[in-house]
Amino acid sequence: MQVYRGLDVGTAKPTVAERAAVPHHVIDVVEPTEEWSAMRHQAVARAAVADIEARGKRALLVGGTGLYVQAVVDDLRFPGEDPDLRAELEAATAEPGGVAAAYDELRRRDPDAVEKIDPHNARRIVRALEVIRLTGKPFSSFGAGLDQFGPTAFPVRMVGIWVPRDVLNARIAERFAAMRDAGLVDEVQQLLGGRSLSRTASQAIGYKEIIGALSDHGSLDEALDTAVRRTRSFARRQRMWFRRDPRITWLGATDNHCVVLPALLATWSS
RNA sequence: GGCCGGGUAGCUCAGUCGGCAGAGCACACGCCUGAAAAGCGUGGGGUCGACGGAUCGACGCCGUCCCCGGCCA
């Protein structure tokens, strides 16, 4: 979400001072009216890494989202996209019984892919059918899957910081309180002036809830509570995603995350 | 004080004619290849306000009491 210009406070974007001290990349690269995607992220982030390495420097990748980290680091090749076809499939699944019918079609055309997709997950069923109809090849033929951890696309060391649950939850709540104090609501109001955010930008945690509260005069306190819960849920999905990656070295943190710095720096300079 | 409505999961509430106690959210566990800060699956949880009664059988019917809200005085 830090790729979006204007989404500053709520994405905990690095400050101007921080960016002057350490050059950051892939920040503020698009307007919030634009769509962003894993494939787009892969291209831009890899270009940034190549640029850094060409200057004899070393890139530090900061992951938030597992799919995006793997899109950059692993040899993921995304099959093509067809917006019209996707719209047609989405309309079909919106009909009563449409999701079940689409799932049946997927079962017939790609028995392997059906194993990894839940029968009610319309979004992923649509995407799989889109790829099959577009390419004529099974969705499952595009790579071994995200649970296969082969050689990375370039040399990389992966480190994760494991934070105790109660510390994490407390920090998430504090973080949103601080964002509110820093003017998050004002920022959302300015963003909305005369335009609407893209589908991807408008689902940013905090922004989505505040936009909802502002548009139907709901409670901002409730919006922030929802955003806090959604952040905890996001953190849980991050934990689930990264936990299964055997290449990650986990560093434990207590209530003071600085204690992992020596181990982190040792990894960096090794 | 009288009348009416309500009391069921942590929260908001369904529960048909009396026949195995339900949903959404929360929480826990988990899935994942062009929306991923997205989408989806599974699960644990109950003195059905309390006590008594009729019934083979009560969240439901009858009685008494307690609590909450509204109206009247």
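Which element gives the largest share of the surface near RNA strand B? Helix α11 does, with nine residues. Helices here are DSSP runs (H or I, at least four residues), numbered from the N terminus.

This is a predicted model, where local features need pLDDT of at least 70, side-chain atom pairs count only at pLDDT 80 or more, and totals for chains, interfaces and linings use all residues. Residues are numbered from 1 along each chain as its sequence is written.

**RNA surface.** RNA strand B is surrounded by 47 residues; near means a heavy atom within 4 Å. The closest are T65, P79, R123, R124 and R230. Sugar and phosphate make up 57% of the RNA strand B atoms that come within 4 Å of the protein.

Polar contacts are pairs of N or O atoms within 3.5 Å.

| Protein atom | RNA strand B atom | Distance |
|---|---|---|
| F78, backbone N or O | base nitrogen | 3.5 Å |
| N121, polar side-chain atom | sugar or linking oxygen | 2.4 Å |
| Q203, backbone N or O | sugar or linking oxygen | 2.9 Å |

Two or more residues of this surface come from each of α3 (66-73), α4, α7 and α11 (220-243).

**Helix pair.** Helix α4 (residues 83-94) packs on helix α7 (residues 122-135) at about 135°, with the axes 10 Å apart. In contact (heavy atoms within 4.5 Å), L85, R86, E88, L89, E90 and T93 of α4 meet V126, R127, L129, E130, R133 and L134 of α7.

Methods
Chains lettered and ligands numbered in written order. Heavy atoms only, no water. Axes fitted to C-alpha atoms, helices over the stretch in contact; angles between N-to-C directions. Polar contact = N/O pair within 3.5 Å; in protein donor to acceptor, adjacent residues only side chain to side chain.
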